[in-house]
Amino acid sequence: MQIAKPLPINLALQGGGAHGALSWGVLDRLLEDGRVAPAALSGTSAGAMNAVALAQGWLDGGPDGARAALARFWQAVAASVPAEASLIAADGLAARLSPMVKLLMHWSHYLPPELSNPLDLNPLRDIVLAQFDFERLRASAGPALFIATTRAQTGQLRLFDRANLSADALLASACLPTMFRAVEIDGEPHWDGGYSANPPVLPLLQAGRARDTLLLLLNPLQHEGPLRSAAQIQHRALDMSFHGAFLREMNLLAAWQQQARQHWLPLDRGTRQLASARFHLMDGGALLSGLPQDSRLVVHPAYFQALHEQGRALAGDWLERHGSQLGRRGTVELSERF
C-alpha cells in the first residue's frame with residue numbers, strides 16, 4: 001500500500017548478532033510498504049548496523065536505496081566467512097556453528113582477545129568501511145541516528161548521534177569483549193552497546209521528530225520452559241545481561257508516561273511529548289527463541305535469507321493487523337507490557 005505522504009516514525013532496533021537479519025527483513029517489508037518513513041533511528045550492535053545501513057541507503061536513494069543498502073550489507077557479511085563454518089538445515093533456520101568453530105569459540109571464554117585473536121581480525125571492520133560513507137552521513141540531512149556503545153571502564157552508556165558517527169563508533173556498538181579487543185574512542189575503551197542500552201529509546205522521544213515509535217525486538221520478552229542444563233542457564237544469563245538495560249528503560253518510560261498523562265496541562269515540552277507518544281512493538285524474539293543457542297554467531301547466506309524471509313512475514317502480518325492504527329493510536333501500552 002503506497003500513500004502520498006508516509007508517516008514519520010521512530011525505529012528502535014535491538015541487537016542480536018546474526019539474528020539482526022530478521023530485522024533486515026522487517027525493515028525491507030516496512031520500506032516496501034511505504035506507509036512509514038524513518039524520522040529517527042536508534043540501534044545497538046546488529047541493530048546499529050541496520051540503522052546505519054538504512055540511513056546510508058536513504059541518503060543514496062530514499063526507500064528503495066535503503067532496501068538495497070540493507071541487502072548489500074547482509075550479503076557482504078554472509079560472504080565474509082567460509083560457508084563451512086556453519087551447519088545449515090534444509091529450511092535454513094536450524095543453523096549451528098561447525099565443531100571446529102565451536103571449539104575456537106569455547107577457547108574465547110578462557111583467553112583474552114589479544115591471545116585468542118592476536119591479529120585483531122574483524123571482517124566486519126572492512127565491511128563497514130566499504131559500505132558506509134561516514135563523512136557524508138555526518139554532513140547530510142536524514143533520519144536522526146543514535147548508536148549505543150558501552151564505556152568499558154564504567155559500564156555507562158555512550159551514545160553517538162549522526163553528527164558524531166564514525167566507523168569506530170559503529171564497530172564499538174558490536175564489540176563482544178570475549179571475541180574482539182575493545183574499540184578505543186577518544187582514548188577510552190568501548191564495548192558492545194547491549195550492556196547499557198539494547199536499544200536506547202528515550203533519545204528517540206527527545207529528538208521530537210515523530211510521535212510513533214516502533215520497538216523491534218530480537219530478545220524474547222518472556223522465555224518458555226524450565227532450564228534443564230548448564231548451557232541453557234548460561235544462555236539465559238547472557239540474554240538477561242543484554243536485555244536488562246532495555247527493560248529498565250522501558251519500565252521507567254512506562255511510569256513516566258502514566259504520570260505525564262495524569263496532568264491535565266503538562267508544563268514542559270518533554271512531558272507533553274511523552275504523554276502523547278504512541279508505541280508499537282514487533283517481538284521477533286518470539287520467533288527466534290527456539291533456534292539453537294549458538295545461532296546468533298552463525299554467518300551463512302542461506303541462514304540470513306531464511307531470517308530475512310521470517311522478518312518480512314512478521315512485518316507483513318503486523319501491518320495487516322495494526323497498520324491502520326499508525327498515526328492514530330499506539331498498539332502497545334507500555335504499562336501493560338513492561
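Author: Let's begin with the surface: the accessible surface of the protein chain comes to about 15,700 Å², and 55% of it belongs to carbon and sulfur atoms. Such areas come from the Shrake-Rupley method with a 1.4 Å probe, and for residues only the protein chains shown count as cover. This is a predicted model, where local features need pLDDT of at least 70 and side-chain atom pairs count only at pLDDT 80 or more, while totals for chains, interfaces and linings use all residues. Residues are numbered from 1 along each chain as its sequence is written, and side-chain values use heavy atoms, leaving out hydrogens and water.

Reader: What makes Ser45 count as buried?

Author: Buried means under 20% relative accessible area, exposed means over 50%, and partly exposed is in between (1.4 Å probe, protein chains only). Ser45 has a relative accessible area of 11%, so Ser45 is buried. Asp192 has 3%, so the label buried applies to Asp192 too. In the protein chain, buried residues make up 52% of the 338 residues.

Reader: Which feature does UniProt place at Ser45 and Asp192?

Author: The unreviewed UniProt entry places the feature "active site" at them. UniProt positions are given in the numbering used here, feature names are shortened, and annotations may be inferred rather than shown by experiment. The two residues are spread over 148 residues of sequence, yet they cluster in space, with a largest C-alpha distance of 6.4 Å.

Reader: Where do Ser45 and Asp192 sit?

Author: Ser45 lies in the loop between β2 and α2, whereas Asp192 is in strand β8. Helices (H or I, at least four residues) and strands (E, at least two) are DSSP runs, numbered from the N terminus. The protein chain has 13 helices and ten strands.

Reader: What does Ser45 touch, leaving aside residues up to four places away in sequence?

Author: Contact means heavy atoms within 4.5 Å. With those neighbours set aside, Ser45 touches Gly15, Ser173, Ala174 and Asp192.

Reader: How many bridges join β5 to β6, and how many join β5 to β8?

Author: Five bridges join β5 to strand β6 (residues 157-161), and these two run antiparallel. There the bridge partner of Ile147 is Phe160. β5 and β6 form a hairpin with five residues between them, and Gly155 in the turn has a positive phi of about 80°. Three bridges join β5 to strand β8 (residues 188-192), again antiparallel, and Thr150 stands opposite Trp191 in β8. As for cover, seven of the eight residues of β5 (residues 144-151) are buried.

Reader: Which residues touch the most other members of the largest nonpolar core?

Author: A nonpolar core is a set of buried Ala, Val, Leu, Ile, Met, Phe, Trp, Tyr and Cys residues joined through side-chain atoms within 4.5 Å. The largest one has 68 residues, and Phe73, Val128, Met282 and Phe304 touch the most other members. Helix α2 (residues 46-79) gives the most to this core, with 14 residues. Another core, of 20 residues, lies apart from it, with Leu204 and Leu253 among its members. In soluble globular proteins, nonpolar side chains tend to be buried together.

Reader: Why is the pair of Trp74 and Phe304 called edge-to-face?

Author: Rings of Phe, Tyr and Trp (its six-membered ring) pair if their centres lie within 6.5 Å; planes under 30 degrees apart count as stacked, over 60 as edge-to-face and the rest as tilted. By this rule there are eight aromatic pairs. The rings of Trp74 and Phe304 have centres 5.1 Å apart and planes at 85°, so the pair is edge-to-face. Trp74 lies in helix α2 and Phe304 in helix α12, so the pair ties together parts 230 residues apart in sequence. Phe246 and Phe338 are edge-to-face as well, at 5.7 Å centre to centre and 85° between the planes.

Technical notes: Pairing = 2+ DSSP bridges.
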